[in-house]
Amino acid sequence: MKTTMRTRALWRRKVVRLQEEDQQRRTRPTDQLARRLRVLDLISIGVGSTLGAGVYVLVGTVARERAGPALTLSFLIAGIAAALAALCYAELSSRLPCAGSAYHYAYTCVSEGIAWIIGWALILEYTVGGSTVARGISPNLGIFFGGEEHLPGWIARQTFPGSDVVVDPCAGLLVLLVTALLCMGIRESARVQSIMVVLNVLVLVFVVGAGSWAGFSSGWKGYHQSQGYLPYGVNGMLGGAATLFFAYIGFDTVASTAEEVKNPQRDLPLGIGFSLFICGSLYMLLSAVIVGLVPFNLIDPDTPMSSAFDEHGMPWAKYIVAAGAIAALSTALMGSILPQPRILMAMARDGLLPHFFSTVHPITAVPVNSTVITGLVAAAMAFFMNVDQLSGMVSVGTLMAFTIVAVSLLILRYLPPNASKPVIQVWPPDKGAPSVHISPSTPVYACEVSTLFLPVLSIFSDASLQTLPGHGSIEDLNGVSSVSSSGSLLLQDGTGDQEANAAPNASPVSSRSALHESLLSIDDTTTSLPESNEKLRQWVAVFAITGAFIGVVLISLAAAVEELPMLIRWVFGLLGTPSFVAASTVLFLIEQDEGHHKFGQAGGFHCPWVPALPLGSILVNVYLLMSLGIPTLFRVSAWLLLGVVVYLVYGMSHSQLSSELLKEEQTHQFQTAT
């Protein structure tokens with residue numbers, strides 16, 4: 001029994017109850033995050049998290065070693081690949097505007113076990129990412145003091161006597177400062193971040209403007225090279241795009257603030273989309289200027305912008321570039337620390353972590369305990385550790401999250417998590433037409449009443465019930481569906497209303513208890529053909545999604561992991577390619593579930609080109625994940641293994657769904673015994 005419960009616990013899913021959560025927000029405001037963010041706040045958060053200091057170095061490294069003058073095309077291709085994941089995030093975040101981001105989507109659409117792995121990986125990503133960003137502040141700050149060695153002693157890097165440990169007080173202090181700012185409130189921290197984002201963008205605009213002037217003056221000599229526009233060929237350009245993909249990471253921070261957005265259905269997709277567009281445009285303009293000023297093989301990989309201006313007689317520009325880098329580091333640090341407390345809070349709400357992490361401050365309306373713990377850990381790592389070797393692990397958590405978000409979107413479209421049909425029942429004539437209880441987010445399936453128990457005719461939701469003729473708002477209906485004046489249960493099939501032939505002379509029913517009084521069990525053997533076809537469609541969708549994912553993994557192993565023997569790579573490729581093609585073809589041919597548009601919050605953004613777009617996102621992310629190398633994957637596996645132990649020891653037994661699962665087991669045992 002315990003083994004069965006543990007196995008079922010791994011695959012249980014959380015039911016979305018957005019209406020109940022909104023009610024809790026009104027009745028217990030101190031336990032909930034405050035909705036204070038607007039679309040401009042989201043854009044500043046997204047741009048600040050994405051447009052980090054890496055761009056000040058990355059353009060030189062990729063141009064010199066991978067792309068050459070085609071760096072702009074590499075940024076374009078990387079931006080398109082990132083847009084695939086961004087569109088998936090846009091739909092899920094607007095449909096499920098709750099804290100937790102990819103963890104929450106995985107828990108709702110996939111399973112608790114997968115959600116825990118994603119949440120645990122994101123904890124590592126944001127902690128290490130924040131520490132890595134913080135340790136980059138000292139070199140840039142040292143430019144204003146004539147070198148890093150001239151920094152004041154209380155912020156300069158120092159080595160502990162008798163050891164190789166290099167402490168960075170500046171990095172630790174910066175993390176603590178950002179943590180204190182985040183504890184003051186989401187709106188306050190967003191305003192400060194907006195100021196730093198504006199400074200960073202102005203510096204990049206200066207680089208583009210001043211660099212263009214210098215380029216036109218010198219004739220853009222970087223584009224007049226004997227090697228041509230593609231010195232490393234198309235493969236080099238694509239390899240550069242794979243590296244530059246990580247420069248677009250950061251828009252997922254916008255999704256983590258979903259519970260604090262005033263109008264999430266409208267503002268979250270706009271915030272994610274505009275953030276990506278602004279960053280992509282700046283990246284492409286910046287790269288076009290830099291590779292035109294200096295021949296790609298002469299670009300300084302460490303300081304590409306400053307060295308380019310030095311060569312054109314503008315050495316003073318390095319101070320402006322350094323100021324932009326410091327602003328970029330600050331906003332990127334805020335973008336790294338901001339999401340993690342919300343993920344910890346979401347996991348604690350679900351019982352997978354102690355309740356301590358879900359405490360929300362009554363005044364600032366932020367998860368203060370999670371924020372403080374996150375800041376202290378990140379500050380300690382930034383102060384004591386050289387986390388450069390761990391920086392590759394940051395990308396693993398991000399790519400895993402992007403992958404599971406795309407998988408969740410496929411499940412949402414083909415297998416809506418809450419779209420499980422309840423038992424179809426009938427009622428005696430003297431009870432009148434039945435009332436159907438409206439779940440906040442679970443569609444209610446109604447059927448035409450007859451002695452043959454005919455199949456499901458339509459899906460009722462809060463939105464569709466409001467369109468029924470002769471009835472008012474959902475509140476007026478007291479939580480039940482309407483009946484016509486003749487006592488018939490009104491059904492809507494998307495083209496018009498129908499009347500199910502109810503008992504003659506039946507009177508309308510409008511009480512919640514009428515459902516329980518009037519509905520009787522139906523025999524399990526009376527299954528209609530359309531319902532059987534629907535179950536078949538769902539099973540086909542399950543195997544198709546699974547087959548496509550397995551195919552992507554095998555293809556990525558064959559294409560990206562060079563450490564594997566060539567024979568094994570060929571075998572993986574020959575097995576993965578037909579699996580992916582066949583499964584993708586099946587997803588294109590079968591219909592998407594009728595209830596997908598009723599899942600979660602009504603009126604949210606709909607991702608276009610499904611299933612092609614999420615399948616492309618999965619392919620890109622898994623390939624990049626495998627290309628990080630076996631050593632990096634092994635290091636992350638050690639962290640994930642620790643997470644599995646924590647889940648088995650604490651999370652599984654304390655989960656909010658454990659009590660429900662235990663009740664199911666007890667009911668099953670009772671039925672077996674009787």
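**Salt bridges and a buried threonine**

Arginine 537 forms a salt bridge with glutamate 534, with the closest N and O atoms 3.0 Å apart. A salt bridge here is a side-chain nitrogen of Lys or Arg within 4 Å of a carboxyl oxygen of Asp or Glu. Both residues lie in helix α21 (residues 529-560), three residues apart, about one turn of the helix. Helices are DSSP runs of H or I, at least four residues, numbered from the N terminus. Arginine 537 is buried, at 11% relative accessible area. Buried means under 20%, exposed over 50%, and partly exposed in between (1.4 Å probe, protein chains only).

This is a predicted model: local features need pLDDT of at least 70, side-chain atom pairs count only at pLDDT 80 or more, and totals for chains, interfaces and linings use all residues. Residues are numbered from 1 along each chain as its sequence is written, and side-chain values use heavy atoms, leaving out hydrogens and water.

The structure holds eleven salt bridges. One of them pairs arginine 342 with glutamate 260, at 2.7 Å between the closest N and O atoms. This pair links distant parts of the chain, 82 residues apart: arginine 342 sits in helix α16 (residues 339-349), glutamate 260 in the loop between α12 (252-256) and α13 (264-293). Both partners are buried.

Aspartate 267 and arginine 266 also meet in a salt bridge (2.7 Å, N to O). Aspartate 267 is buried at 1%, whereas arginine 266 is partly exposed at 48%.

Now threonine 127. It is found in helix α7 (residues 112-134). Its relative accessibility is 8%, so threonine 127 counts as buried.

Technical notes:
Helix = DSSP H or I, 4+ residues; strand = E, 2+ residues; numbered from the N terminus.
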